[in-house]
Amino acid sequence: MTKSILGYSKKALEEILSSLNQPKFRAKQIHQWIYSKFSADFSAMKNIPKKLIESLEENYSVNPFSLEHCLKASDGTEKFVLRCQDGKLIETVYIPSEKRRTVCISTQVGCPVNCVFCASGKAGLIRNLSAAEIAGQILFIANRYGKMPTNIVVMGMGEPLLNPHTIEGLKIVTSEEFFNLGARHVTVSTSGIVPGIKKLADEQIQWNLAVSIHAPSDELRRNIIPDKCRYPLTEIIDACKYYLQKTGRKITFEYTLVKGENDSYDNAVNLAKLAKTINAKINLIPLNSIEENSSTPTKSDLNKFVSTLQKNGALVTIRNSRGDEIAAACGQLKNQIENQQKSSVETAQKEN
Ligand code: SAH
Ligand code: SF4
């Protein structure tokens, strides 16, 4: 396995180069290839001598992935399943619109939280992604499209605030030395991991925070987020206040609307009340069912919920589900690909 140099400072690269008897200025050239021209391989770096490329490739890589599978939806959304060097699969989604090019990135293989409706948590946590693997998803997209995305949402597989490498990975994306994307264009979504929210706040970087609230009471929330990783709402609200105080960024509540579960009139009234305590926006996500069932709210269920929220003074947006036909909810496509691969291995074993 090679080590990705994504996130290596120029100084760290200079040290590697000097151990290979190479001049320091090559570090600057390599940085330019990666962070300005989005080269994902040493072999694309035209002004680097072939011999040096060969020596670097013995121990190092730029992007730590290979493309396993990609699917494009009719609305332009493109979903990628990437293979990590240890063979694990992750998902990255590219969502173009008129004004933005958004990338949804993963932070873990699997997820320990295991929310009831989420495909990513079904097998628990397999492992954390490294900082290079987190930032590498941005390099993969920038390389493929020839330009940086405009917005990053950390809403793919995994709970970002349970991965100790998330902050370092995001710093590679937003710090001036590397990809230099404005921090205000990055949104970190969490299921409400209180120590993680506080740690993120302490960085005092202008990243946006989205908290997956999903229910206005602990009693109801318990049905959606299992005990192991769930924090009490009062602690989550206090952590949000701390985030606001440290960064001044308005917080978003994400609320996956599940028919018959958290979509009552009272739920909407209480959610609006809770949001008001920290002046949070509410982003409603209609359930994208991972099983055949009828818990996906209808348009009219959704409209009723929205109108109650608005009547109670809440600022609401609805996440329009992009790329539905390509299994857009997080973890769904990766699970499909894994299952297909498993069944083809089983078929091959049977045939032998
Ligand atoms: N782990 C983080 C970020 C990844 S999930 C978190 O939970 O916030 C991003 C958002 O998608 C969360 O709000 C999550 O609850 C929601 N989500 C996951 N699976 C979904 C599904 N099948 N339908 C609708 N929303 C889903
Ligand atoms: Fe993990 Fe988020 Fe999925 Fe919950 S919704 S299981 S926290 S990825």
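**Figure 1. Residues around ligand 1.** Ligand 1 has 19 residues around it, and those that come nearest are Gly 158, Ser 189, Ser 212, His 214 and Asn 288 (near: a heavy atom of the residue within 4 Å of the molecule). The model is predicted, with local features needing pLDDT of at least 70 and side-chain atom pairs counting only at pLDDT 80 or more, while totals for chains, interfaces and linings use all residues. Residues are numbered from 1 along each chain as its sequence is written, ligands are numbered from 1 in the order in which they are written, and side-chain values use heavy atoms, without hydrogens and water. By class, the shell around ligand 1 holds eight nonpolar, nine polar and two charged residues (nonpolar: Ala, Val, Leu, Ile, Met, Phe, Trp, Tyr, Cys and Pro; charged: Asp, Glu, Lys and Arg; polar: the others, Gly among them).

Figure 2. A nitrogen atom of ligand 1 lies 3.0 Å from a backbone N or O atom of Phe 117 (polar contact: a pair of N or O atoms within 3.5 Å). Strands β10 (186-190), β12 (252-257) and β13 (281-286) each give two or more residues to the shell (strands: DSSP runs of E, at least two residues; helices: H or I, at least four; both numbered from the N terminus).

**Figure 3. Packing of helices α9 and α10.** The axes of α9 (residues 265-277) and α10 (residues 299-311) are 8 Å apart, at an angle of about 40° (axes: lines fitted to C-alpha atoms over the stretch in contact; angles: 0 to 180 degrees between N-to-C directions). α9 is therefore oblique to α10 (under 35 degrees is roughly parallel, over 145 roughly antiparallel, 65 to 115 roughly perpendicular, and the rest oblique).

Methods:
Polar contact = N/O pair within 3.5 Å; in protein donor to acceptor, adjacent residues only side chain to side chain.
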